[in-house]
Amino acid sequence: MVDYEQLLSDRVQMVKPSGIRRFFDAAAAMPDAISLGVGEPDFETPWQIRRAGIQSLEKGKTFYTSNWGLADLRRQIAALTRRKYQLCYDADTEILVTVGGSEAIDNAIRALVNPGEEVLIPEPSFVCYTPLTQMAGGVPVPLPTQASDQFKLTPERLRAAITPRTKLLILPYPNNPTGAIMTRSELEAIAAVIRDTNIAVLSDEIYCSLTYGKEPHVCFAELPGMQERTIVVDGFSKSYAMTGWRLGWAMGPKELMKQICKIHQFGIMSAPTTAQFAGIEAIRTGEDDIERMRNQYDIRRRFLLGELRAMGLDCFEPQGAFYMFPSIASTGLSSEAFCERLLNEQRVAVVPGNAFGESGEGHVRISYSYSMNHLREACFRMRKFLQSL
């Protein structure tokens with residue numbers, strides 16, 4: 001008999017399955033369930049972007065591209081970055097087109113982290129950072145954040161966590177699951193801590209177009225001295241409602257990007273060609289679509305925040321992404337128990353906060369990337385559930 005446990009890699013076996021998918025899959029098996037668990041826009045990819053992908057197929061443009069991606073797409077990404085942040089990246093050597101932002105994150109961690117080196121991860125945060133660090137042989141070091149600090153990383157907590165083995169800091173803002181953002185002055189305080197170190201930064205900017213406050217989003221690489229140590233990850237999934245197209249990018253110093261591209265080259269070859277042609281059109285003509293969707297998310301954000309507070313749940317006001325992260329401590333239930341009972345008793349799926357790190361316990365993540373009708377019905381059911389406790 002084959003001993004599969006012995007065959008499998010120790011690194012893979014230590015990784016826990018995603019806590020998001022478990023509740024999504026359970027809800028999918030319930031015909032009457034409403035799922036607010038997955039962070040996916042409910043909007044269709046805008047027509048002109050779909051048309052560009054269709055036309056590329058009709059013209060037979062179905063071959064491999066350069067490992068780095070289509071030259072025109074990389075030029076468009078470089079131009080977009082100059083417009084948004086006044087940052088200059090060489091489209092030939094400093095921008096890599098990837099299979100979604102997730103591949104970019106994976107490749108960056110693997111290119112930088114040696115076995116035993118530490119990766120600092122503010123939590124609660126997206127579920128991929130810790131397992132990808134573990135599979136690279138690195139040591140994830142959680143940096144807990146709290147609602148009292150608006151779920152922001154503080155310079156004091158960062159400074160206390162740095163050791164001689166610290167290699168990489170991940171900055172996941174705007175944040176999934178909390179919706180927290182960091183302002184320029186707050187990022188400058190983080191930059192001051194690491195300026196005289198040799199620590200690299202991975203700035204996950206996938207929600208950079210979805211912020212709702214008065215201050216514009218600030219890319220960490222904009223700050224003095226930070227571009228030379230920062231890998232910026234972004235993509236098309238959230239901003240342009242292109243999740244299924246699987247298209248993202250990474251930008252950074254050419255010395256780092258050359259090695260990141262090497263991993264991409266042997267593991268992937270190139271991002272999907274059809275998606276790349278669609279991505280060119282998205283950057284060229286999609287800004288109005290982003291604003292239209294962002295305005296709708298903002299309406300949903302304000303509605304859901306008011307509903308949750310009216311139910312008696314303490315809820316931090318998110319300023320980015322499309323998630324709400326209310327505290328459910330007043331119910332006396334753990335995050336897991338709350339989500340299981342809400343799903344089984346009222347057929348509403350949300351995600352337990354501890355899926356995003358231990359500091360997320362006592363909270364749940366609710367996505368408002370769903371229609372107002374879905375949100376209204378889900379809130380009606382949640383109110384009934386809370387009243388029954």
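**Figure 1. Aromatic pairs across the predicted model.** A search of the whole structure, a predicted model, finds 12 aromatic pairs. Two of these pairs are shown in the views that follow, Tyr207 with Tyr323 and Phe236 with Tyr240.

**Figure 2. The pair of Tyr207 and Tyr323.** The ring centres of Tyr207 and Tyr323 lie 5.7 Å apart. Their planes stand at 80°, so the pair is edge-to-face. Tyr207 sits in the loop between strand 6 (200-204) and strand 7 (230-235). Tyr323 belongs to strand 9 (residues 323-324). The pair therefore ties together parts that are 116 residues apart in sequence. Tyr207 is buried, with a relative accessible area of 5%. Tyr323 is buried too, at 1%.

**Figure 3. The pair of Phe236 and Tyr240.** Here the ring centres of Phe236 and Tyr240 are 5.5 Å apart. The planes meet at 35°, so this pair is tilted. Phe236 is buried at 1% relative accessibility. Tyr240 is buried at 3%.

**Figure 4. An aromatic cluster.** Tyr207 and Tyr323 belong to one aromatic cluster. Phe43, Tyr297 and Phe322 are also members of this cluster.

**Figure 5. Helix 5 against helix 11.** The axes of helix 5 (residues 71-85) and helix 11 (residues 273-285) come within 9 Å and cross at roughly 30°. That angle makes helix 5 roughly parallel to helix 11. The crossing is left-handed. Helix 5 contributes Asp72, Leu73, Gln76, Ile77, Leu80 and Arg83 to the contact. Helix 11 contributes Gln276, Gly279, Ile280, Ile283 and Arg284. By type, the contact residues divide into 5 nonpolar, 3 polar and 3 charged.

Notes: Residues numbered from 1 in each chain as written. Predicted model: local features only at pLDDT ≥ 70, side-chain atom pairs only at ≥ 80, totals over all residues. Heavy atoms only, no water. Axes fitted to C-alpha atoms, helices over the stretch in contact; angles between N-to-C directions. Helix = DSSP H or I, 4+ residues; strand = E, 2+ residues; numbered from the N terminus. Parallel < 35°, antiparallel > 145°, perpendicular 65-115°, else oblique. Left-handed = near helix turned anticlockwise from the far one by under 90°. Contact = heavy atoms within 4.5 Å. Nonpolar A, V, L, I, M, F, W, Y, C, P; charged D, E, K, R; others polar. Phe/Tyr/Trp six-rings, centres within 6.5 Å; stacked < 30°, edge-to-face > 60°. Buried < 20%, exposed > 50% of the residue type's maximum accessible area, 1.4 Å probe, protein only.
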